[in-house]
Amino acid sequence: MSELDICPADESPLPPVDYSSPDDVKRAVEQARKAQRAWAEQSIGERAERLLAVAQRILEGQDEICRILEQETGRSPTESRMTEIATTADYVKGVIRAGMKALAPERIKLSALDFPGKKVVVEVVPRGVIGIIAPWNYPVSNFYKSVWPALLAGNGVVLKPSEHTPRSGAWLAAQLAAELQDGLVGLVQGEGDVGQALIDSGIDSIVFTGSVPTGRRVALAAAQRLIPSSLELGGKDAAIVLADCDMPRTVAGVLQWSMHNAGQNCAAIERVYVEEAIADGFVDKLGKAAQRLKVAPQDGPSDLGPLQNAAQLAIVEAQVTDAKEKGARVVSGGERTGRGFGYQPTVLDGCGDEMRVVREETFGPVVAVVRVKDAEEALRRANDSPYGLNGSVWTRNIERGEALARRLEVGVALVNNHSFTGILPETPWTGVKDTGPGIAASRHAYTHLVRPRTLLVDRSKKPDPFWFPANADLEQMSLALVERNKGSFMALFKLAGLLGKRVKAIRQRIADS
Ligand code: NAD
């Protein structure tokens, strides 16, 4: 049995999944390409309707997918339903609203004097077949940010779920395939070599979500093929807690977004910079709140699941051990739960920059508290990171919070909340530095899914006045153009006279030839 085919809640075996061969990958891309042509010919409204039908299908299949997600992630069905399924139709409706703006053709106004009889439109056309490679932390909804806009724009897609969560990805692909035309949505299964084969298989663009090291490999492979890549990579989010915060709500919010999905969230709060003046109270309350959280499996809903895999558990344990050795105090947790890959919700106090838990992505239910003198120190240390996905400031002074949040080096800056904009289809999900240049969701997310096409139609019966031959009038015209560009009103009259002469000369040349 492969170590990938294990339920993380109790380490029971899961049925293995067949991996795709290089030929399977090629075939999936070819089929998607064939189906894509007819799909692109449908109107955006027709495509939107089909996508809404898929969303309904996903909602109707909630019990089935929550069971599969429970097997693959160890999370309770309630957690999976809340996180990945319950608002799917709302999400698709938001994608459609954003897509209508992003995909609308744009009429460009041209000067009738300079460009008589011409109409130019910038149209948005699908790139063709988009490869989508996903990680395991949200096995279904990780695809949402790219699969819906890619299809809405008229592309075919080939999905590659993580090798850790292949069954959930296959379920999503099946729901899409059931409502859409044959072959439009392809599925390939396997590890990194299959992801690499997908990039090499003739796709027109790649959307990658995953770790920084793999992201670099994907960027290189895409560059070799000269196709666009969208890279949504790791995070090490910071929260800045100021002395004037609403303490109970801040404790609850920081707990939520550090422990949600057992911290396996690219935008989990992993570092908290708290002003010394309130640090004792904050740490005490956060620790007690963390102790009350229930890790799956439980009778009834649990607050969080286990780590998804043994390798991730090992990373979390190593970082906590390193922090303890360097002087961090374990306020709560710090141990395995004893069931499957479960790890206790862990709060560490007295953390410093020399600790791995402050510098490296943890991706587990661990939050490192760093005590600071004031907001300026908090900001400086929060920004001292190779990552930059979300960042938040917690304060009652909203104006000051906004000003500080704008100085965070992140793609999503928040005041008194964190992370949750990931479920909003109309706001960009993006980062800076090693988090990668990808932009997911919103009307800004389309550059790697579509390309602009300039369409110019010329209804003028006359030749353009700058065509051959070059003569003295052309020289005068060029000088008049310069004057007009400098702002001379008189040059306009001169130009109007010259244009007529030029057109006459060009017609004469055409007649003579
Ligand atoms: P990973 O990089 O190990 O794997 C991600 C995917 O890439 C998997 O499907 C894997 O099979 C595939 N892959 C591996 N090697 C490949 C190669 N050479 N070419 C093509 N594909 C290849 O990441 P992971 O451990 O699955 O996911 C966790 C990471 O994802 C964390 O760093 C997390 O922060 C990040 N993440 C980021 C976002 C975001 O929006 N920024 C969202 C979710 C997760």
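Helices (DSSP runs of H or I with at least four residues) and strands (runs of E with at least two) are numbered here from the N terminus. This is a predicted model, in which local features need pLDDT of at least 70 and side-chain atom pairs count only at pLDDT 80 or more, while totals for chains, interfaces and linings use all residues. Residues are numbered from 1 along each chain as its sequence is written, and side-chain values use heavy atoms, with hydrogens and water left out.

**Overall picture**

The chain holds 17 helices and 17 strands, and its C-alpha atoms fill a box of roughly 95 × 55 × 35 Å along the principal axes. Of its 513 residues, 53% count as buried, where buried means under 20% relative accessible area, exposed over 50% and partly exposed in between, with a 1.4 Å probe and protein chains only as cover.

Helix 6, residues 144-152, is mostly covered, with eight of its nine residues buried; among them are Y144, W148, P149 and L152. Just after helix 6, G154 takes a positive phi of about 100 degrees. E84, which is found in helix 4 (residues 77-85), counts as buried because its relative accessibility is 2%. A polar side-chain atom of E84 lies 2.9 Å from the backbone nitrogen of V140, a polar contact being a pair of N or O atoms within 3.5 Å; within protein, one must be able to donate a hydrogen and the other to accept it, and residues adjacent in sequence count only if both atoms are side-chain atoms.

**The ligand**

The ligand is surrounded by 29 residues, of which E163, S211, T214, L233 and E361 are the closest; a residue is near a molecule if one of its heavy atoms lies within 4 Å of it. This shell divides into 11 nonpolar, 12 polar and six charged residues, where Ala, Val, Leu, Ile, Met, Phe, Trp, Tyr, Cys and Pro count as nonpolar, Asp, Glu, Lys and Arg as charged, and the others, Gly among them, as polar.

| Residue | Atom of the residue | Distance to a ligand oxygen |
|---|---|---|
| A134 | backbone N or O | 2.8 Å |
| W136 | polar side-chain atom | 3.2 Å |
| G210 | polar backbone atom | 3.3 Å |

The protein covers 89% of the 860 Å² of accessible area that the ligand has on its own, by the Shrake-Rupley method with a 1.4 Å probe. Helix 8 (192-199), strand 6 (205-209) and helix 9 (212-225) are the elements that give two or more residues to the shell around the ligand.

**Cavities**

On a 1 Å grid over the protein atoms alone, a cavity is a set of points where a 1.4 Å probe fits but cannot get out, and its lining residues have an atom within 4 Å of a point. Grid points are joined across faces, edges and corners, and a volume is the space filled by probe spheres set on the points. The whole structure has five cavities of 30 Å³ or more. The largest cavity holds about 70 Å³ of space, and of the 14 residues lining it, R271, A382, Y387, N390 and V410 are the closest to its centre. The second largest cavity has a volume of about 50 Å³, and its lining includes Y91, Y144, P149 and Y446. Helix 5 and helix 6 are the elements that give two or more residues to this lining, which comprises nine nonpolar residues, one polar and one charged.

Terms used. On a 1 Å grid over the protein atoms alone, a cavity is a set of points where a 1.4 Å probe fits but cannot get out, and a pocket is an open set with protein on both sides within 12 Å along at least five of seven lines; lining residues have an atom within 4 Å of a point.
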